[in-house]
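Please read it beside the coordinates.

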Amino acid sequence: MFQNRNEGLALALPAAVFTGLLFLLPVGILLSEPFQVDGQWSIQGYVDFAFKPLNQVVFIRTLKLGFLVAFTSAIIGYACAFCIINLDGKHRGRVFGMVMLPLMISPVARTYAWIVILGRTGIVNDTIIGLGLSDTPIRLLFTETAVFLGLLQLFLPLMIISLVSSMENLPKDAVSAARVLGANWFQVFMRIILPLTKDGLVLGGTLVFTGSLTAYITPAILGGSKVLMLETLLYQRVNVANDFVSAGIIATILILMSFGANILLKRVAGTRS
Amino acid sequence: MTSTWISRMIIFITLAFLIGPFFIIVAAGLSAGDFLAFPPEGLSLKWYIKVFEVESFRESFALSMFLAVFGTITALFLGVPAAYALSRYNIPYGETIKTVVAAPIIVPGIIVGLALLRYLVVPLNLTITLALFLAHTALVLPYAVRVVSSSLNNLRSDMEEAAVLLGCSRIGAFIRVVLPNIQSGVLAAFILGFVTSFNQVPVSLFLSGPGVRTLPIDMLSYMEITYDPSVAALSALLALMSVIIIFVAEKFLGFSRYV
Amino acid sequence: MSNSFVSLQNVSLAYGKTVAVSNLDLNVRKGELIALLGPSGCGKTTTMRAIAGLMSLHSGSISIDGVDMSRTPANKRGIGLVFQSYALFPHLNAFENVAFGLRIKKFSTPEIATRVGKGLTMVGLSHLAERKPQEMSGGQQQRLSLARSLVMEPKVLLLDEPLSNLDARLRLEMRTELQRVQRDTGITMIFVTHDQSEALALADRIVLMKNGVIEQLGTPDDLYNRPATAFAADFYSVG
């Protein structure tokens, strides 16, 4: 009944054509633009871009924050996932739901709260001044730390969900067996949990890393023009300087990194026995 | 037992970090003062009320709603046949089509918005609303396909074959056998698409123009002018809306099965 | 008692607010093969986990070979536990599974090779040293789990429902196996079961439990011929 492959193709084609025309085509053109200098194909655009110090700073900063957020979320994620796994059914469902909840709320709302917390008249500063640790408010907003915290809060649920999902597949009693055989908790983690939850870690790590690289709202609100990341830089270049070449270059970098991470992910997931 | 206590603390602190800010916004929006502060100086609903009075918020809310509802419906019209084809047939270029349809998720939204603006909207002189509509549809499509596919994969194809053998036409079989069974999957896809579209910022960033803005973009530009608590109130309301939608979805659909 | 090797004194165990075991006193002699027997929910598995250190005591104390282990963590008690699910590590092959505890203890490589070799031979699995647990039959997995615990030369070996997952033939084989191991090594063994015929066949003494307390403690002969309570009589009635 499903032999007529062309019939199937016809059903799937509208979606594919829609996305292809509307999406791939314009993006493709955008990405090719930096290669055109005075009507000729050249990589001069890329070279110029790479040599500007600001671009270098932004690029390194974006990568750095991406790794930091991924790493931190992995640590917190494992701790949290382990605790969640050990909860009984009813509580586990509720906690899990609460972890997933933030994902459904607009990033604008989630990031905005940090303004209240980190602002000059915000909670942290009030506490610091109240405790007498400083006479004037410290500048916490528009720093890399602020962006880091914002991104961490944004993507931590993804890591937790991914790890919980993969930890659920741990053989029952494996941790207890390792304990009885003499392993301390560090050894249990390194020798049993980590090898067996590798897939979840890579999935979570990739999602968090690419998410952080391609985030716009959080760096925009918490970093502003003082702490530029690749996406906010892109926006600035286009809006302020009509610099579409830079836009295309940044876009290509971001896509390559996203794509690369996804391929890595498929590789690791595919090697699961 | 100390280990349970530690366990509870870890979860509590993590949840506080993740959800705490939400409560802070709600409280900040209740401030009676004129500045954004927490704890709020006095309690008042005036900012929550003001949110409904600001005309640009009303307009952008309407636009966001329109995009979310109709964009998702369109995405489903495109996506359900595609999901059906991908899961039942062994179509030529199947993998390619899968990748193409999933691509919008991989490409950062801001690039999509910019590309659409430069190479589609401007040359073809499309209205901003149309451009936003097309963009949001393309963005929701991958989610729609994924969720409906997952639903279809759980439905065995011999049911349709049985229906056909009993005299149904192919389309009849689809309508009578497949659709009722993937109902909750389609509904789940709708809700997921709705929430994704509504909260979307990067794509809409370049495409929005004066007077034609999605709500999140409107909020961002409002924030550039003033820091008054109305944004906090609005954020809180939006968050509440999302929470209620998801809660209802989970209650009636067992939503988490599909995501 | 002076010849008590594993001693539980006034032990109470609870899950949150639910009491699983109350005021249990038990003395296991060295080299003894003792069965914790009872219907599900009677507290036998909970007691076993408490002896292993996987569950903390609500009150009371546990000592092993004269040493108070009430607060000692599970990885320092020198106890072996064969889980009902076998709990083998799927990412390690048979050799590495058995070697796990030895590696933790930082034995030298040649020493590990010798011990693991002996362990696998003892349970008849040396030809499967490279296999992963998923690629073995249920009976083989169980023997592997047994070998993994035995190579550690534990003071006490705990077994959770060792015969329940096996078919009739394997059950007989395993029973003989366990008795042989016990004879050869003289290890003190405590096993948990809900099957009275298993307990009768294997154990030197049986601890019959119900609702978290000991109903009767005695030899198989005691329980079969002189049941102390209606429950005990019922439990051992045939048919």
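The points below begin with conventions and then go through the chains and their contacts.

1. Conventions. This is a predicted model, in which local features need pLDDT of at least 70 and side-chain atom pairs count only at pLDDT 80 or more, while totals for chains, interfaces and linings use all residues. Residues are numbered from 1 along each chain as its sequence is written, and chains are lettered from A, with ligands numbered from 1, in the order in which they are written.

2. Chain A as a whole. Chain A holds 13 helices and 2 strands, where helices (H or I, at least four residues) and strands (E, at least two) are DSSP runs numbered from the N terminus. Along the principal axes, its C-alpha atoms fill a box of roughly 75 × 70 × 30 Å. Of the 273 residues of chain A, 45% count as buried, a residue being buried if 20 or more other C-beta atoms lie within 10 Å of its own, exposed if 12 or fewer, and partly exposed in between, with C-beta atoms placed from the backbone. Among the contacts in chain A with a separation of 6 or more, 71% are between residues 24 or more positions apart; two residues are in contact if their C-beta atoms, placed from the backbone, lie within 7 Å.

3. The contact of chains A and C. Chain A brings 16 residues to this contact and chain C brings 17 residues. On the side of chain A that touches chain C, α8 (174-180) and α9 (185-196) of chain A each supply at least two residues, and α8(A) gives the most, with 5 residues. That side of chain A divides into 9 nonpolar, 4 polar and 3 charged residues, where Ala, Val, Leu, Ile, Met, Phe, Trp, Tyr, Cys and Pro count as nonpolar, Asp, Glu, Lys and Arg as charged, and the others, Gly among them, as polar.

4. Confidence in chain B. The mean pLDDT of chain B is 83, and 96% of its residues reach 70 or more, pLDDT being the predictor's confidence in each residue, from 0 to 100. Confidence in chain B is highest in helix α3 (residues 55-88) of chain B, at a mean of 90, and lowest in helix α4 (residues 94-106) of chain B, at 81.

5. B:Pro40. This residue lies in the loop between α1 (2-29) and α2 (46-53) of chain B. B:Pro40 is buried because 22 other C-beta atoms lie within 10 Å. Leaving aside its neighbours within four places in sequence, B:Pro40 is in contact with B:Ala27, B:Ala28, B:Leu30 and B:Ser31. B:Pro40 and B:Ser56 are 16 residues apart in sequence, and their C-alpha atoms are 26 Å apart in space.

6. Domains of chain C. Chain C is divided into domain 1 (1-77 + 157-164 + 188-239) and domain 2 (79-153), with bounds that come from an automatic or database domain assignment. Taken over C-alpha atoms, the centres of domain 1 of chain C and domain 2 of chain C are separated by 26 Å. In chain C, 10 residues of domain 1 are in contact with 7 residues of domain 2, and β7(C) gives the largest share of the domain 1 side, 4 residues.

7. The sheet of chain C. An open sheet is formed by 4 strands of chain C in the order β2-β1-β4-β5, with antiparallel pairing; two strands pair if DSSP finds at least two bridges between them. Its edge strands, β2 (18-29) and β5 (67-68) of chain C, each pair on one side only. Strand β1 (residues 4-15) of chain C is joined to β2(C) by 8 bridges, and C:Leu8 has C:Leu26 in β2(C) as its bridge partner.
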